[in-house]
Structure formats: structure tokens, C-alpha cells
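Biologist: Could you take me through this one, starting wherever you like?

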Amino acid sequence: MNITLITVGKTTFGFIKEGMAMYEKRIGRYLSYTRVEIPALQGTASLSHDEIKEKEGELILKKIRPGDRVVLLDEKGRRFTSVAWAAHLGKMIDTGTRSLVFVIGGAYGFSDRVKEAASELVSLSDMTFSHQIIRLFFEEQLYRAFTILKGEPYHNE
């Protein structure tokens, strides 16, 4: 099983980079994990939000391979508790998904073409977070899910 996180824009805050490095190392004990950062678009002042979503969508779709199961991290997605998320992730792994790709889009969300390529949308919260901080939150929840699945003492109920 391979898991990839695709993000739009670079991670610039040092404390987020440090936290992500820590969780990426921890996640790597369970499976192959990769993060792919797509550079933010330049010169977008004259573009509409839909045009920006389309251009970002083209870049995202170039990173997705045939056979990837694509999950968009989106505020309109399905919400889980940490335990339910772990069970859902476990089912995806157990059903033979070989490559799981999570995507955090840009500030205006996803184009219709990216949504069509996705098998589901998942929300990490009812609140809105910056696109940088949500990367750290996602990686922490991914790590937490693996510890729950393995019965390791990280998550407390």
C-alpha cells in the first residue's frame, strides 16, 4: 500500500514543516508515504476563482495515476471520529487498494474534473483551517489511524 498526499502550494511555516516531518517519519513505519507539493499558481490576479480551480485541477490530475483511489480533503466531505476514520482507512487497505491519494486543494476548492476523479470527499472538521495547517492535521490523523488499527498506545478513549 502506498499513500500520497498532494497539496497545492508550498509549506512555508517552519513549525508546520517540523510537525509534518515528525509525522511523516512515524507514518513511514506502517507503509510507503509520499507528499507531493504542487507549486502555487503565479499571476492569478486577473483570473476568476473557477479559472484558478481549473488550472490547479490540471496540475493535480497530472499527479494522479490510473488505478489510484483518490480522496479529496474538503469541507463538504464526510466527517469521521478518529476511531471511525481508522476503521474506514482499514477497510480501504483491506479491500486491496494499492495506491491511495489524498488531495488538499487550493483556496477555492476543487474543479469539477478533480471531483469526478475522486472516489470520495472527507472533511477533517466543520471549521475552516489554512491550507498549510490542515496538512499537519491530516498527517497527525493518518498516523493516529494507524496506531488505532495496530492497537498501539497513542489514541486514548
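Modeller: Strand 1 (residues 2-8) and strand 4 (residues 99-104) pair in the parallel sense, and six bridges link them; pairing needs at least two DSSP bridges between the strands. Helices (H or I, at least four residues) and strands (E, at least two) are DSSP runs numbered from the N terminus. This is a predicted model, in which local features need pLDDT of at least 70 and side-chain atom pairs 80 or more, while totals for chains, interfaces and linings use all residues. Residues are numbered from 1 along each chain as its sequence is written, and side-chain values use heavy atoms, with hydrogens and water left out.

Biologist: Okay, and what stands opposite T7 in strand 4?

Modeller: I104 is the residue of strand 4 that T7 faces.

Biologist: How many bridges join strand 1 to strand 2?

Modeller: There are seven bridges between strand 1 and strand 2 (residues 32-38), and these two strands also run parallel. Along that pairing I3 stands opposite Y33, and I6 stands opposite V36.

Biologist: Is strand 1 largely enclosed or open, and why?

Modeller: Strand 1 is largely enclosed by the rest of the structure, because six of its seven residues are buried, that is, under 20% relative accessible area with a 1.4 Å probe and protein chains only.

Biologist: And in what order do the five strands of the sheet come?

Modeller: The order is 2-1-4-3-5, in an open sheet with parallel pairing. Strand 2 and strand 5 (120-123) are at the edges and each has a single partner strand, so one side of each lacks a neighbour in the sheet. On average, neighbouring strands are turned by 30 degrees against each other, with direction ignored.

Biologist: Which strands does helix 3 touch?

Modeller: Helix 3 (residues 82-94) packs on the sheet and touches strand 1, strand 3 (69-79), strand 4 and strand 5, where contact means heavy atoms within 4.5 Å. The direction of helix 3 makes about 135 degrees with that of strand 4.

Biologist: Switching to helices, at what angle do helix 3 and helix 5 cross?

Modeller: Their axes cross at roughly 75 degrees and come within 8 Å, helix 5 being residues 133-150. That makes helix 3 roughly perpendicular to helix 5, a label for angles of 65 to 115 degrees; axes are lines fitted to C-alpha atoms, for helices over the stretch in contact, with angles from 0 to 180 degrees between N-to-C directions.

Biologist: Which residues meet there?

Modeller: From helix 3 they include W85, L89 and I93, and from helix 5 they include F138, L142, F146 and L149.

Note on methods. Buried means under 20% relative accessible area, exposed over 50%, partly exposed in between (1.4 Å probe, protein chains only). Angles under 35 degrees count as roughly parallel, over 145 as roughly antiparallel, 65 to 115 as roughly perpendicular and the rest as oblique.
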